[in-house]
Amino acid sequence: MTGFELSEEYQDLSDTVRDFADNVVAPVSAKHDEEHSFPYDVVKQMAEMGLFGLPFPEEFGGMGGDYFALALALEQLGRVDQSVAITLEAGVSLGAMPVYRFGTDAQKQEWLPLLASGQALAGFGLTEPEAGSDAGGTKTTARREDGSWVINGNKEFITNSGTDITRLVTVTAVTGRKEAADGSLRKEISTILVPTDTPGFKAEKPYNKVGWNASDTHPLTLKDVRVPEENLLGEEGRGYANFLSILDEGRIAIAALATGAAQGCVDLSVKYARERRAFGQEIGKYQAISFKIARMEARAHTARLAYYDAAARMLAGKPFKTQAAIAKMVAGEAAMDNARDATQVFGGYGFINEFTVARHYRDSKILEVGEGTTEVQLMLIARELGL
Ligand SMILES: Cc1cc2nc3c(=O)[nH]c(=O)nc-3n(C[C@H](O)[C@H](O)[C@H](O)COP(=O)(O)OP(=O)(O)OC[C@H]3O[C@@H](n4cnc5c(N)ncnc54)[C@H](O)[C@@H]3O)c2cc1C
């Protein structure tokens, strides 16, 4: 065991994305946050850098990297702008990855070059008004008719589902019922690719969110949406299992984003504590402040180790579900706790929206909810313990 030192290649990638985040993303973050506008120009530049193709093979227009490379990029983006980071996270891990993992050759050929190049975005429509943590509550249905799937239902909170460059949303839908061992009838859930220009598909008015204001989130309506039978993604009835595995991976990505947010709060607090003076000296000279920031650093460091470990296991082909749940929970809490402490270090300025720590304060809360709440992570960890 030699620890978690990054190879030269990973370090170069991380440094490149860090420079991009500091010099291209950060200068426009406050503006997009205030205007609730999607950062098309930033996304275009991320696409040109190949970030949307990081974990995909070159034959599909990807960069030939891996999931850890994606996580490192997300950490660096999450440090300065969580909206931009979640746009990449959802685009790759929820949008394109299901096609890569479960798609037929034809589906991969059709969608991956478009998505991996960042020319188009895809969303993942799992959550519904009555199906969040309990995804088994899915009510959206898809029935077979004349060689098509006819889909009806509503989805909630779908990231990247309504931008000008969104072309695809993968939706989960009940496609049948099967008798379980106890004789009861269980829903069979499948995943289906829905191009967003299909009649009957509608991204409704975007939410007015507390944070992640520059990311794109809509409720979706699907009314007699008709797509060819070949748009079934993966095996019929395996949608539930498939999206659970997509969420396991996604938790590593969200943990990386959250680690970046937690670290961003540390970096901003250190700088401010050195500059701001009160009672004749820098506030960082007061132990109440320096210990607060030291604790923040410990949280960010712990979160990073947790997601590195989960990613290393995943790449080695070892079980990583529990470690991903731990990383997601620890990092989400680190981001929220650090954002709260950073706003305290900044005093009244921490409450002013144009300060990055205030944005992190609003943005970080969702890290304890999205892609599985803290309680859901605890359920997964407890289950692994046999409880
Ligand atoms: C900005 C944003 C972006 C999102 N992007 C997407 C997306 O792209 N695609 C998508 O499909 N979804 C997306 N979501 C949805 C998100 O994943 C869900 O909101 C989340 O999984 C929680 O589901 P819920 O909101 O229905 O809450 P619920 O499941 O109703 O939970 C409410 C509370 O009850 C708790 N709870 C539930 N069950 C239990 C239990 N058994 N034991 C203990 N506590 C429990 C929860 O932890 C939570 O605290 C997004 C949400 C937001 C806000």
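Tyr10 is partly exposed, with a relative accessible area of 22%. Here, buried means under 20% relative accessible area, exposed over 50%, and partly exposed in between, computed with a 1.4 Å probe on protein chains only. The model is predicted: local features need pLDDT of at least 70, side-chain atom pairs count only at pLDDT 80 or more, and totals for chains, interfaces and linings use all residues. Residues are numbered from 1 along each chain as its sequence is written, and side-chain values use heavy atoms, with hydrogens and water left out. Helices (H or I, at least four residues) and strands (E, at least two) are DSSP runs, numbered from the N terminus.

The structure holds 13 aromatic pairs. One of them joins Tyr10 and Phe68. Their centres lie 4.9 Å apart, with 85° between the planes, and the pair is edge-to-face. Rings of Phe, Tyr and Trp (its six-membered ring) pair if their centres lie within 6.5 Å; planes under 30 degrees apart count as stacked, over 60 as edge-to-face and the rest as tilted. The pair links distant parts of the chain. Tyr10 is in helix H1 (residues 8-35) and Phe68 is in helix H3 (residues 67-80), 58 residues apart. Phe68 counts as buried, at 8% relative accessibility. Phe68 also pairs with Tyr308. The ring centres of Phe68 and Tyr308 are 5.0 Å apart and the planes stand at 85°, so this pair too is edge-to-face. It again links distant parts of the chain: Tyr308 is in helix H7 (residues 287-315), 240 residues from Phe68 in H3. Both Phe68 and Tyr308 are buried. Phe4, Tyr10, Phe68, Tyr307 and Tyr308 form one aromatic cluster.

The strands come next. Strands S4 (residues 166-179) and S5 (residues 185-195) run antiparallel and are joined by 11 bridges. Two strands pair if DSSP finds at least two bridges between them. Arg177 stands opposite Lys187 in S5. S4 and S5 form a hairpin with five residues between them. Gly183, in the turn, has a positive phi of about 90°. S5 also runs antiparallel to strand S8 (residues 232-233), with two bridges between them. Leu233 in S8 is the bridge partner of Thr191.

S4 has a parallel partner as well: S1 pairs with S4 over five bridges. Leu121 stands opposite Thr166 in S4. Strand S1 (residues 121-125) is largely enclosed by the rest of the structure, because five of its five residues are buried. In a regular strand the side chains alternate between the two faces of the sheet. Leu121, Gly123 and Gly125 point one way from S1, while Ala122 and Phe124 point the other way. All of these residues are buried.

Helix packing was also examined. Two packed helices are described by the angle between their axes and the distance between the axes. H4 and helix H5 (residues 105-116) pack at an angle of about 150°, with their axes 10 Å apart. H4 is therefore roughly antiparallel to H5. Axes are lines fitted to C-alpha atoms, for helices over the stretch in contact, and angles run from 0 to 180 degrees between N-to-C directions. Angles under 35 degrees count as roughly parallel, over 145 as roughly antiparallel, 65 to 115 as roughly perpendicular and the rest as oblique. The H4 and H5 crossing is left-handed. A crossing is left-handed if the near helix is turned anticlockwise from the far one by less than a right angle, and right-handed if clockwise. Gly95, Ala96, Val99, Tyr100 and Phe102 in H4 meet Gln107, Lys108, Trp111, Leu112 and Leu115 in H5. Contact means heavy atoms within 4.5 Å.

Gln82 lies in H4 (residues 82-102). Gln82 is buried, with a relative accessible area of 0%. Leaving aside neighbours within four places in sequence, Gln82 is in contact with Leu77, Trp212, Leu257, Ala261, His360, Asp363, Ser364 and Leu367.

Helix H6 (residues 239-275) and H8 pack at an angle of about 25°, with their axes 8 Å apart. H6 is therefore roughly parallel to H8. H6 passes H8 in a left-handed crossing. Gln344 is in H8 (residues 321-345). Gln344 is exposed, with a relative accessible area of 54%. The C-alpha atoms of Gln344 and Lys292 are separated by 9.4 Å, with the residues 52 apart along the chain.

Glu35 is found in H1. Glu35 counts as partly exposed, at 48% relative accessibility. Glu35 and Asn213 are 178 residues apart along the chain, and their C-alpha atoms are separated by 8.1 Å.
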